[in-house]
Amino acid sequence: MKKLRNRQTGKPANNGPAPLCSHSLRDVENHYCAGCGHGIIHRLVCEAIDELSIRERVIGVAPVGCAVIAYDYWDFDVTEAAHGRTPAVATGIKRVRPNNIVFTYQGDGDLAAIGTAEIIHAANRGENITVVFVNNGVYGMTGGQMAPTTLAGQKTATTIHGRSLRREGYPLKILEMLSVLPGTKYAERVAVNSAHEVLRAKRAILKAFKMQMEGKGFSIVEVLSMCPTYWGMTPIQAADRIKNEVATFYPLGVIKSC
Amino acid sequence: MTKKLLMCGNEACGEGAILAGCKFYAGYPITPQNELTAYMAKRMYETGGSFIQAESELAAVNMVFGAAAAGARAMTSSSSPGVSLKQEGISYLAACEIPAVIVNMQRGGPGLGNIGPSQADYFQAVKGGGHGDYRLIVLAPASAQEMLDLTFLAFDLADKYRTPSFILGDGLLGQMMEPITIPSKLQPKEYQKPWALTGCKGRKPNILRSLLLGDGALEEHNKKLQLKFAAIKDAEVHCQCFNTKDADIIIVAYGSVARISKAAMEAARAKGIKVGLIRPITLWPFPEKIIEAAARTAKKFLVVEMSAGQMVEDVRLAVGDKAKVSFYGRMGGGVPDDKEILREIETLI
């Protein structure tokens with residue numbers, strides 16, 4: 001996704017790929033690990049914004065977690081938010097600027113642990129915002145600890161023998177939880193482990209933004225994403241794990257649409 | 001035309017916010033500030049602003065963060081235990097330089113405490129409260145009228161300096177009903193907010209952040225914040241002095257207690273005891289120079305608070321060894337009356 005640059009001179013490398021065609025995605029190197037899904041998801045969000053010609057209306061809310069400096073990669077108005085308060089910040093922005101397109105970009109720690117109250121109540125109020133929820137089942141930024149979405153048996157820095165359902169409880173299915181709320185108007189789970197799934201993810205993100213533009217209310221897209229570093233896998237193994245393990249527990253597809 | 005109304009302090013605070021052009025309020029129920037939340041629910045509806053009863057104090061302050069980040073004048077309020085929850089958001093507001101107003105109608109603590117009036121959150125309001133090096137502009141009203149006037153001022157100061165400002169009241173002030181005068185030509189100042197998130201049409205994108213990972217970047221940001229706080233300290237000290245010139249004993253008290261202390265001062269004067277009163281209106285910046293100057297002539301200071309002794313530390317710093325500083329305090333919802341304070345004065349003679 002990035003244009004290769006000479007690290008000393010900062011000039012484009014001779015053999016670099018063609019420049020980006022997204023206006024909303026800055027042409028800079030990112031800090032994500034090899035095989036991480038964030039780079040793809042950033043690009044999908046930006047492509048959707050460009051295709052809808054809403055870059056000048058968009059206000060993004062960046063989370064605490066691996067995507068904490070997403071504003072270094074996005075070329076539109078962005079604010080940070082305290083950990084998990086992301087939907088509350090987005091609510092405040094949208095209420096005073098209803099004509100802007102407001103979205104949050106949150107990881108599973110931000111949204112499904114520390115910010116559970118904020119996401120449930122933003123959805124329940126039917127806030128006309130869009131949420132991009134990146135579920136990779138670990139806390140990447142802090143060293144691979146267990147997330148609420150960590151699968152049973154999965155080894156993390158804080159579940160060294162694997163997540164025990166008796167000890168640590170069950171992985172949270174946030175989208176299924178939110179879809180019982182009348183305020184949630186659109187909830188779809190997608191993945192970015194293959195070209196086919198990436199295209200589906202793009203369509204879902206586009207749809208979620210369109211829902212907001214039409215004033216339909218709360219829309220959320222959960223993206224199953226790879227974390228090869230803290231899954232202890234190669235990027236290809238991590239992509240395979242999404243298909244073979246993660247998506248069998250977190251089923252892909254539209255959970256709710258109205 | 002000037003309007004006269006009968007209002008409780010909580011409602012007066014809300015009206016001050018409305019007059020200042022507040023367009024967003026988020027709050028959560030807690031006694032003794034519930035009249036303010038209810039008043040904002042009504043007045044936001046009437047004036048076309050947004051009111052949200054948030055799921056928590058954390059959410060409320062972060063909604064205010066969002067609304068203020070988008071350029072609107074925004075406010076949240078609570079009482080002591082709820083304000084503890086807001087500290088995270090307050091630190092972020094200060095760090096991201098987002099102007100907003102936070103109100104604390106203090107109640108007895110620590111813990112859940114009780115719903116009686118208190119001034120035990122002075123340290124929290126004035127010394128930081130949340131994490132990191134920051135200051136809040138802290139205003140301490142002493143009447144329902146000032147709940148209105150100082151809330152109006154708090155919005156101006158917040159916008160002027162791009163920083164959160166804070167109203168430190170107490171349950172007594174919030175509940176007490178008094179006549180309020182609303183001046184006819186009260187117009188809020190308009191501040192340009194080129195930093196606000198409004199969509200990047202026709203300009204470069206705006207980013208609001210407090211995470212600065214670059215080598216030395218956060219230290220530079222902190223230096224910039226400290227310069228701003230220094231400018232506030234130079235320009236925004238507000239204070240009232242009564243009978244301090246010939247006073248042997250000077251009472252220092254703020255908020256409700258300053259009013260009670262004034263009655264004690266007058267009773268002492270009637271008995272021929274030369275007592276004065278210094279009432280800080282801004283608790284930060286603190287009127288340390290005024291207190292220091294008074295300490296050159298007064299022999300003794302008596303600090304009265306509804307706490308175990310918090311502001312007294314700042315008075316001691318200002319007075320130094322120029323005079324003796326005594327303290328009288330009530331805690332846990334206890335309110336001193338003028339006779340108690342007079343007795344304390346008499347023990348100092």
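Predicted model: local features only at pLDDT ≥ 70, side-chain atom pairs only at ≥ 80, totals over all residues.
## Extent of the interface

The contact draws 29 residues from chain A and 33 residues from chain B. On the side of chain B that touches chain A, the elements giving two or more residues are strand E3 (50–53), H3, helix H4 (80–96) and strand E9 (207–208) of chain B. H3(B) gives the most to this side, with nine residues. Sorted by class, the side of chain B that touches chain A comprises 19 nonpolar, nine polar and five charged residues.

## Helix crossing

Helix H2 (residues 86–96) of chain A packs against helix H3 (residues 57–69) of chain B in the sense that their axes come within 6 Å, crossing at roughly 45°. H2(A) and H3(B) are therefore oblique to each other. The crossing in which H2(A) passes H3(B) is right-handed.

From H2(A), the residues that meet H3(B) are Ala88(A), Val89(A), Ala90(A), Thr91(A), Gly92(A), Ile93(A), Arg95(A) and Val96(A). Their counterparts in H3(B) are Ala59(B), Asn62(B), Met63(B), Val64(B), Phe65(B), Gly66(B), Ala67(B) and Ala69(B). The residues of this contact of H2(A) with H3(B) divide into 11 nonpolar, four polar and one charged.

## Strand pairing between the chains

Strand E2 (residues 77–80) of chain A pairs with E9(B) in the parallel sense, over two bridges. Val78(A) has Ile207(B) as its bridge partner in E9(B). E9(B) is also among the elements that give two or more residues to the side of chain B that touches chain A.

How values were computed:
Residues numbered from 1 in each chain as written. Chains lettered and ligands numbered in written order. Axes fitted to C-alpha atoms, helices over the stretch in contact; angles between N-to-C directions. Helix = DSSP H or I, 4+ residues; strand = E, 2+ residues; numbered from the N terminus. Parallel < 35°, antiparallel > 145°, perpendicular 65-115°, else oblique. Left-handed = near helix turned anticlockwise from the far one by under 90°. Contact = placed C-beta atoms within 7 Å. Nonpolar A, V, L, I, M, F, W, Y, C, P; charged D, E, K, R; others polar. Pairing = 2+ DSSP bridges.
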